[in-house]
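User: Please walk me through the contacts in this model. Start with the terms you rely on.

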Amino acid sequence: MKYLLVEDNVDLADAIAARIKFDGHTVDHAARIDEAVAFVQTNEYDLILLDIMLPDGDGRSFLRQHRATANTTPVIVLTARSQVSDRISLLDLGADDYLTKPFDHAELQARCRAVLRRNAGAAHSTLRLGDVEFDSVGGVLKVGGAVITLRNRELRLLELLMTARGQVFSKQKLVDRLFSYDDDVSENAIEVYIARLRKHLEGSAVQITTLRGLGYRLDHDR
Amino acid sequence: MRYLAVLIVALWPALLAAAEWEDHQTFGDTEASAPLRILSSTDTSFFAPIIAAFVARQPGVAVEYLVTGTADLDARFRDAPAAYDVVISSAMDLQLKLANDGFAAPLDMPEHPDRAQWHKRLFGFTTEPAAIVVNKELFADLPLPRSRQDLIEVLRANPERFTGKVGTYDVRDSGLGYLFATQDARSSETFWRLMEVMGRLDARLYCCSGEMIDDLATGRLAVAYNVLGSYAEARATEAGALTVILPSEFPTAMMRTALISRAAPQPEVAKAFLRHLIQMQAGGGDAGFPLPPLATSNDATGGTSISLDPALMTYLDRMKRQMFIQEWENAIVQQD
Amino acid sequence: MTAEVHVHGSLRRRLGLILTGGAAVLAVILYLAVRTFAAQIAQQGQDSILNASVTSILDTAVLRDGEVLLDFPYASLSMLGTSADDRVFYAIHADDRLLSGYDSLPAPGASQDSLPRFRTTDHGGEPVRMATDARTLIGAQGQTTVTVSVAQTQDALSETLNAISRRVALFGIGFFALSTALALWAAATTSRQLRRLTTSVTRRGPQDLRPVAQPVPSEMGPLVASLNTLMGRLDHALTRSEEFLAEAAHRVRTPLATVRAYAETTLQRVDNPDNRKALHAMIRAIDESSRAASQLLDHAMVTFRADTLTREDLELSELLRDLVDRMRPVADMKDITLSLRAEGPAVLHGDAILLQNALRNLIDNALKYAPAETRVEVAVRSEGAGPVVTVIDEGPGFDAAEIDTLATRFVRGKAMGHTIGSGLGLTIVQAVVLAHGATMTLSNTAEGGACVTLQF
């Protein structure tokens, strides 16, 4: 998926971009409104992450402009303000959602997913591995044509494993990615979700292999 | 020289009567140490009922009633104001001058008519007209006069019948006579013509109403002018021949007045007596008031009451008096 | 929020006092002036009568046989009659010799200046007014000067004066009473202008710092002008401080966000348990501080707004539906089923922003403390007096010992372990609920979950 990150703080932009890339997406970074406008005019984005306080103006004016051109790309505002009235006016101006800095990347992901799911016009990317079809945005898993509805954490775990198939994830890494930092979860909690996924994928060409002492890996029978 | 003569004439009655009183009576508690001394020109007979009623109401009070002529009364009182408590006189002018000169003490009588009091010091308590009194027997067939003019005509027409038979006050002697004469003269010239006519008829001159009425009753007089009607009425009942005529053109009426001496030895009793007098007067004849009470208005007698007014002092002026008496004498006396 | 005002005196009272005092002084001056004037007029009246009397006496003076005679008319003294029966004295002198009248009156003396003369003198212990005039008669033996003086006591005059004084005093009192009424009316009218301005300023909303536009009397112009200037400055300062606050939040939150993002990214690459532990602690500290900052700001806003609610008619179920939709991604992260049960309309007259803030805090708390894969139910229903909102979770519930003190500022639930939350959330809810005259009840469900009930 392709993100446009509009953020004037270079350090923060780098950190967010790195984190998004880590998840396997592509990111363009604009530090100013005029840059952002240029990017939007020449590229198509699945999602725009917009900071409000920008050196050449208020992010809200970009938002207004953006909506005026009938561009349907959803926008999530990243704001450093927390005043209630701001939140309301942002939504009134056409932002799809907002997030107060600093934020949990997992929450950003969750909100992005919710926004994308709501945005009917967006093309859903579907991952296909043999008889397994996975729409990470819609959260729908098809195994041999049968539709299986996944819970959020199952979905995220599967997405993680599928986008980096063949790669080994330690339990630790998985906990980091699936749970909030304020949840006090033991690494064993991962085993529950692995077990659930294995049950969903039973009999398919895809399986989750346990590498003792190292972690898990998604394998695919050709 | 002339002034001296006038002075002697003026003071003559006073000098004459200085020693004794016309009448002198005491009422009430004779044991009382200090009687209320009333100096009066009114006959005791008229005042006795009033005083009797007073002493009856005020036990322990004695009243000494002293009677003299109006002019003498004035002189005596001016001489010794501290010797008397109440002064009663028919000579309104003299009384008013006493009050004006500060001899009277004030007394509040708000219910008493305003025209009958002056300066809260002098109080009128009767209305008594001056009258023409005739002896009908001596007039015989002659018509009784209704007015001064009638009188002049009847006198002129019958000098033989009236010579020596007409009488009036000697204004030189009588304060009241002087008052009546001056008021008459003020009102009409008829007065002087009447005086001249009477002078030609050898008029007899009197000091007091009482004597004039006596002479009328006995037939020594056929007609008397300016007699006090009240006295005449009183006598007319006993002497049937007397007729009292109020001149129809302008009856002159005087008020008998009373004042309290400012130097009164017994001011409180004096005030009580004056209140009693006024109160009795207000009741009129029904309440046993022996004198004609105040007329309710001037119209009641068909003429004018002499009003209590500082102008009453006009004819008391030395020069005015001198000139008036001169003229009067010219009219009535020097006809001899 | 009324600040203490140092009050000294009252404009209305001061104005009333000045006007009333002025009226009193005027009334006294009026009284004295009219009385003096009346005394003069009355004295002139008496003088002219005295003069007429003197003239009428003097007119009759003749020289007959070298002797001065005055046959003055009755009217000369009659005209001196008064309602108070004033005493009358006269004296007629030929040269310096008393011809007749009262010798107790002062002799004419030699002075011939300005006849007729009027003077007030004493006669027998009583004040009298005396007029004197003279005339020279020429006869065969020479000339004689006849002087006539007429004097009169002043009882009627003083009676008249007293009557006039009484009337003028009454008039003065009436004038004073009327003036006082007018003064009070004027003072009331003046202060009404001030009160009207006060009311128009007091009635404004908390955000309304526009200048006063309504017309005011010119005297109040400067006050209103400086008030407008002050409000302008205040508006400016407020805007600036709001901007400053936003700027400050931005300046703090942006680096925090940077640090957090880096920490998260780093965590993905680090395996050493000690390093990982440190990064965890770092992230948690960042989250706690930013949440605390948000809630402190929210709390300040709620406290400020609670004094002057901006009320409107709200459909609570709609407001809750928006909130629940917005919170659902957060719930999903823990696989929590967040549901809204709305039974019929629930209309409330209240402040939308405050209510939204309070309800968001409640749901936020429930999501924070509920375990994964449980249910959080928000319900709204109309019940008798007003709407009732309940938020129920399947978490550990409130500590029974703390249930009464939880809504107090900065207290954090004991059982929540290190779940991030400053405890300010419930304090904010409590403040909003109080401002709306509602009640908040904390309880635990039969299954042990927390249940917060707002009864409006």
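Analyst: A salt bridge is a side-chain nitrogen of Lys or Arg within 4 Å of a carboxyl oxygen of Asp or Glu. This is a predicted model: local features need pLDDT of at least 70, side-chain atom pairs count only at pLDDT 80 or more, and totals for chains, interfaces and linings use all residues. Residues are numbered from 1 along each chain as its sequence is written, chains are lettered from A and ligands numbered from 1 in the order in which they are written, and side-chain values use heavy atoms, with hydrogens and water left out.

User: Is A:Arg111 buried or exposed?

Analyst: Buried means under 20% relative accessible area, exposed over 50%, and partly exposed in between (1.4 Å probe, protein chains only). A:Arg111 has a relative accessible area of 5%, so the residue is buried.

User: How many residues apart are A:Lys101 and A:Glu7?

Analyst: Their side chains meet in a salt bridge at 2.9 Å, N to O. A:Lys101 sits in the loop between β7 (97–100) and α5 (105–118) of chain A, and A:Glu7 in the loop between β1 (2–6) and α1 (10–22) of chain A. The pair links distant parts of the chain, and the separation is 94 residues.

User: What area is buried between chain C and chain A?

Analyst: The contact (heavy atoms within 4.5 Å) takes 45 residues from chain C and 47 residues from chain A. Buried area is the accessible area (1.4 Å probe) that two parts lose on being put together, summed over both. Carbon and sulfur atoms give 54% of the total, which is about 4300 Å².

User: Which residues in chain C lose the most area to chain A?

Analyst: Three residues together make up 19% of what that side buries. One of them, C:Arg326, also meets A:Asp97 in a salt bridge at 3.0 Å, N to O. The three are C:Gln268, C:Arg326 and C:Met333.

User: How many salt bridges are there between chain C and chain A?

Analyst: The structure holds 42 salt bridges over all chains. A network of salt bridges links A:Arg19, A:Asp23, A:Asp104, C:Arg260, C:Glu264 and C:Asp287. Between chain C and chain A the count is 6.

Definitions and conventions
Helices (H or I, at least four residues) and strands (E, at least two) are DSSP runs, numbered from the N terminus.
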